[in-house]
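Here is a short report on a protein model. It covers a cavity and a sheet.

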Amino acid sequence: MKDVHLRNMKRKFIEQINTIRIFSLFLFIFLSACCIFVGCSRPEESNIEITIIHGWGSSEKDHEIMRQIYADFEKEHPEIKLNMISLPSDLDVIEKMRELLTVGKIPDIVFTAGEGKNTIYKFMTEHSYALDLMPYLEEDKNFKNNISPFILKEWTTMQNNLYTVSDVLLMGGYWYNRTLFEQAGISSPPKTWDEFEMVCQKIEEKGKGTKPLLLDQTHIVHLTNAILHEEAPQELSNIENSFINLQSEGVQTVLNRLKNLSSYSDTVNAYSFRDTLESFNQQKTAIYINGIWGSSLIDPKINVAYAPFPSDSGNSVAMISAGVGYILGNTGDEQQTNASVEFLKYMLSKPVGERLLLETAQIPSNPNVVITKDMVGERLYQALSCIKSAEVFIEFPANFWSRELQETYSESVISYLNNNTPSIQ
């Protein structure tokens with residue numbers, strides 16, 4: 001009887017073992033099937049590709065850094081593949097966009113670095129090719145908190161739409177060579193335009209071949225912008241509509257001042273901003289008109305400082321604004337759209353803002369990035385403090401001067417200054 005009981009217990013134990021084995025086998029098959037299914041589906045879930053067209057495509061250091069910042073987006077979002085169409089400049093981006101939009105192709109993301117308000121931005125918004133970002137800001141408060149008030153004020157439409165956001169702010173006056181100023185007996189930047197002309201005259205007389213500045217397209221447009229703001233603000237409205245009255249009293253005042261400055265400066269037509277920068281770095285010119293981001297491009301061995309523009313009233317005038325930034329395409333593809341928005345959140349985040357500041361000397365638009373002297377160094381901090389303490393703020397030319405008007409106007413002015421024409425028409 002005892003043997004029978006033992007045999008029964010042994011049989012039940014074996015049956016339990018077999019049951020466990022069968023269950024384990026089914027569990028293994030089930031889990032394997034799940035792994036195969038997940039493994040097969042993962043590429044589809046992570047195979048989201050978006051493309052950005054940008055103008056950071058040259059071999060310059062800041063361009064290389066920006067491309068790396070873009071590429072690092074994939075580290076935070078491995079499920080998204082970012083394809084970059086890297087062009088040498090913002091003007092190349094605008095030309096490429098014209099080609100694409102002409103045949104109805106809408107990119108996921110385009111960045112024009114402040115250019116294109118009256119061309120690409122206008123065309124994309126008018127034809128519903130640009131994605132309205134406002135709903136994404138409203139549903140994500142952290143995203144909205146990273147947007148500069150300058151951007152919201154400048155780019156929110158009357159219908160409460162937002163079609164572009166920039167990761168940096170445009171801040172501008174001019175750089176000057178302290179050593180060359182001191183050698184000419186100039187202890188501080190001029191406060192009025194008359195003083196500005198006197199500074200140029202002194203540098204010409206005592207600079208031993210050094211010119212005060214080069215009157216190229218960029219310098220002419222920026223000087224015109226600063227002078228007109230006080231002399232004839234109504235002309236700025238005309239300029240925004242791609243028209244400038246060269247015979248108006250305000251513009252004639254500008255031309256007279258530029259004519260006086262040309263007596264001490266070289267007037268050039270074919271120079272790019274890189275040529276003008278090289279002239280400043282070689283200390284052939286004492287003044288270089290550009291945004292404060294130019295700090296990283298100026299030879300660190302040169303003793304330079306930053307100054308606001310003067311005015312007839314004596315008030316300091318600085319340019320500060322948010323230009324056209326990233327425009328997201330209204331492609332209709334929800335996955336790609338959401339991925340593009342994630343990229344924008346990444347570029348507007350505080351960590352990336354700090355990288356833009358420390359690695360490229362651009363001023364991040366994120367208002368939560370705190371900038372200190374220890375963080376950025378004496379040169380950039382002085383420039384930033386100079387802009388923030390200005391008494392009058394005006395827009396950057398790119399926000400209302402079309403590229404075509406800038407070129408036409410500056411060519412006419414340069415021809416006039418070089419006396420190739422008896423008068424400007």
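## Cavity and sheet

The lining of the largest cavity holds five nonpolar, two polar and three charged residues. Here Ala, Val, Leu, Ile, Met, Phe, Trp, Tyr, Cys and Pro count as nonpolar, Asp, Glu, Lys and Arg as charged, and the others, Gly among them, as polar. This is a predicted model: local features need pLDDT of at least 70, side-chain atom pairs count only at pLDDT 80 or more, and totals for chains, interfaces and linings use all residues. Residues are numbered from 1 along each chain as its sequence is written, and side-chain values use heavy atoms, without hydrogens and water.

The largest cavity has a volume of about 40 Å³. A cavity is a set of points on a 1 Å grid over the protein atoms alone where a 1.4 Å probe fits but cannot get out; lining residues have an atom within 4 Å of a point. The volume is the space filled by probe spheres set on the points, which are joined across faces, edges and corners. Among the lining residues are Trp193, His229 and Asp312. Helix α11 gives the most to this lining, with five residues.

Now the sheet. It is open, with four strands in the order β2-β1-β3-β11 and mixed pairing. Strands pair if DSSP finds at least two bridges between them. Helices (H or I, at least four residues) and strands (E, at least two) are DSSP runs, numbered from the N terminus.

| Edge strand | Residues |
|---|---|
| β2 | 80-86 |
| β11 | 324-328 |

Strands β3 and β11 run antiparallel, joined by four bridges. Glycine 114 stands opposite valine 324 in β11.

Definitions and conventions
On a 1 Å grid over the protein atoms alone, a cavity is a set of points where a 1.4 Å probe fits but cannot get out, and a pocket is an open set with protein on both sides within 12 Å along at least five of seven lines; lining residues have an atom within 4 Å of a point.
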